[in-house]
Amino acid sequence: MPQASRLGQAIRLLTTRSVTVSSDGIPFRFERVPPKKILNAFLVELSLHFKPGRPWGGPTHLMCEPSSLCNLKCALCPVTTGLRRKTGFMPPDLFQKIIDQVSDSVFIVLLWDWGEPFLHPAVFEMIACARSKGLCLVSSTNGQLFADPAMAERLVRSGLESIIFAIDGATQETYERYRHGGSLELALQGIRNVVRARDARGSRTPLINFRSVVTRHNEHEMPRIESLAASLGVDAVSFKTVNAGCRNPYSADEFRRQMSFLPADPKSRRFVIGDDGLPARRRRNPCRELWTGPSVHSGGEVSPCTFDPDNEYVLGDLNRQSFYEIWAGDTYRNFRRRFRRGWAKIPLCSACTQAYVRGSINTETMAKVRLLNRAGFEKR
C-alpha cells in the first residue's frame, strides 16, 4: 500500500470505528470497534508508514499454532520432512495467557501455522477461550478429522468464525499428488458434516472456505473444483498460488527441483520467472508482519512470521516472558531495525516469498477467490 494511502486509512479508522481486514481474500468487517482498539489500529498503521524499531501499537493479528503435528505428509511442507524443533501441542494454559495479553489489540487470530490444529485434544476449549475475549478466529484444516460428525458438531458449537478446508483436487488421483496420505472423500465428507451441523443449528458460523493450492497437477481441474465447492454449500472457493518450499526455497537448485509443482499457466503462478529460470526479485520487501503480528509456535516461541518453521529466528519465549516484553523488547526491536536497514541481508527475509515479484502474502498470493453464499464476515 502506498504511504499516502496508508495514512489515509489510519485517519479513516479513527473517524468511522469500522475496520475491514482481509485474510486470504476473504473480507472480515468489524463495526463499532472499541475506541482503545481503534486507536491501537491507527498507531499500527502509522508504524507501517514509519517502521520504528518499537511499534507504536500492539499487534492487530496473531498466528498461533495449536499443533505442530500433522496426520498427512503434504508435498513441500517442512512438517513432512521433519521440523527442526520440539513438536507437539501448545499447552492450553499458555494459549489462554497469550490471548489474555493481546486481546485489547488483536482483531484476528489465525489458529494454525505448521501442523493440523484440530489434532489438539483441547482445540475447541482454546477457541472458546479466544471467543470469550471477542476475538475473530480463522483456522485451517485438511478436513480428514471432520468426517466424524461429532467433530463437525463441536466445530459449529465452538463459534469459530471461519475455517479453510485445504483440498487440492477434484479427484483422488490429483488430490494425493500434494496431500500425501489423505483421502479426498473423507475431506469432502468433513465439509458435508460441517455444513449439515451448521444448518441444523441455524448458525452463521463458521464461514467455510474451500481452498485449493494451484499446482501443475490440478490446474486443469480448477473449473471442476469450483463447481464441486459450490455443490457442497460452502461460502467461498479460493485458489492459492503454490509457495515452493520454506527452507531457503528460492536458491537456484532448490527452486528448480520444485519447478515440477508450478502450474503451466503464468497467471496461476506466485512469481514472475526470469530468463534464468528463477523468480524475479523485488526492490522493496512489503512485509507487514514485523509491525502487525508474529507467529507463536506450539512451544511458546515467538517468530517474526510463518516463514520460520524451524525456530531459527526466535525473538522470545512466552513461557518465560510476557508478550509485550517480547514485542517491545530489544531482540524484536533490533530485528526490525535490521530489516529496515537491509532486509536482503537477513536470510529469512531474503528467501521469503515477499522478496519476489508477485509474492506478497498480503495482496498477491491468491490466484482467485469467489464468494458464493455471502460477501464476507461481519462482526459487531
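User: What volume does the largest cavity have?
Analyst: The largest cavity has a volume of about 110 Å³. This is a predicted model, where local features need pLDDT of at least 70, side-chain atom pairs count only at pLDDT 80 or more, and totals for chains, interfaces and linings use all residues. Residues are numbered from 1 along each chain as its sequence is written, and side-chain values use heavy atoms, with hydrogens and water left out.

User: What counts as a cavity?
Analyst: On a 1 Å grid over the protein atoms alone, a cavity is a set of points where a 1.4 Å probe fits but cannot get out; lining residues have an atom within 4 Å of a point. Grid points are joined across faces, edges and corners, and a volume is the space filled by probe spheres set on the points.

User: How many cavities of 30 Å³ or more does that give?
Analyst: Two. The second largest cavity has a volume of about 40 Å³.

User: Which residues lie nearest the centre of the largest cavity?
Analyst: Cys287, Cys305, Cys349, Cys352 and Gln354, out of 14 lining residues. Helices H11 (289–292), H13 (330–342) and H14 (347–350) are the elements that give two or more residues to that lining. Helices here are DSSP runs of H or I with at least four residues, strands are runs of E with at least two, and both are numbered from the N terminus.

User: And what lines the second largest cavity?
Analyst: Ser23, Ile26, Phe28, Val138, Ser162, Ile164 and Asn209. Strands S2 (26–30) and S7 (162–166) each supply at least two residues of that lining.

User: Switching to packing. How many residues are in the largest nonpolar core?
Analyst: That core has 88 residues, and Phe95, Phe118, Phe146, Ile167 and Phe210 have the most contacts inside it. H8 gives the most to this core, with seven residues. Apart from it lies another core of 18 residues, among them Phe28, Phe30, Leu110 and Leu207. A nonpolar core is a set of buried Ala, Val, Leu, Ile, Met, Phe, Trp, Tyr and Cys residues joined through side-chain atoms within 4.5 Å. Buried means under 20% relative accessible area, exposed over 50%, and partly exposed in between (1.4 Å probe, protein chains only).

User: Which residues of H9 are buried?
Analyst: In H9 (residues 222–231), Met222, Ile225, Glu226, Leu228 and Ala229 are buried. They are on the same side of H9 because they cover an arc of only 160° around the axis, taken from the directions from the helix axis to the C-beta atoms. Pro223, Arg224 and Ser231, on the other side, are exposed.

User: What covers the buried residues of H9?
Analyst: The cover includes helix H8 (184–201) and strands S9 (207–214), S10 (236–241) and S14 (366–371). After H9 comes glycine 233, with a positive phi near 85°.

User: What does lysine 97 contact, leaving aside neighbours within four places in sequence?
Analyst: Leu318, Asn319 and Gln321, where contact means heavy atoms within 4.5 Å. The C-alpha atoms of lysine 97 and leucine 318 are separated by 8.7 Å, with the two 221 residues apart along the chain.

User: Last one. Is serine 103 buried or exposed?
Analyst: Serine 103 is buried, because its relative accessible area is 10%. Serine 103 sits in the loop between H4 and strand S5 (108–111). Not counting residues up to four places away in sequence, serine 103 touches Lys37, Lys133 and Leu135.

Conventions. 1 Å grid on protein atoms, 1.4 Å probe; cavity = no way out; pocket = protein on both sides within 12 Å on 5 of 7 lines; lining within 4 Å.
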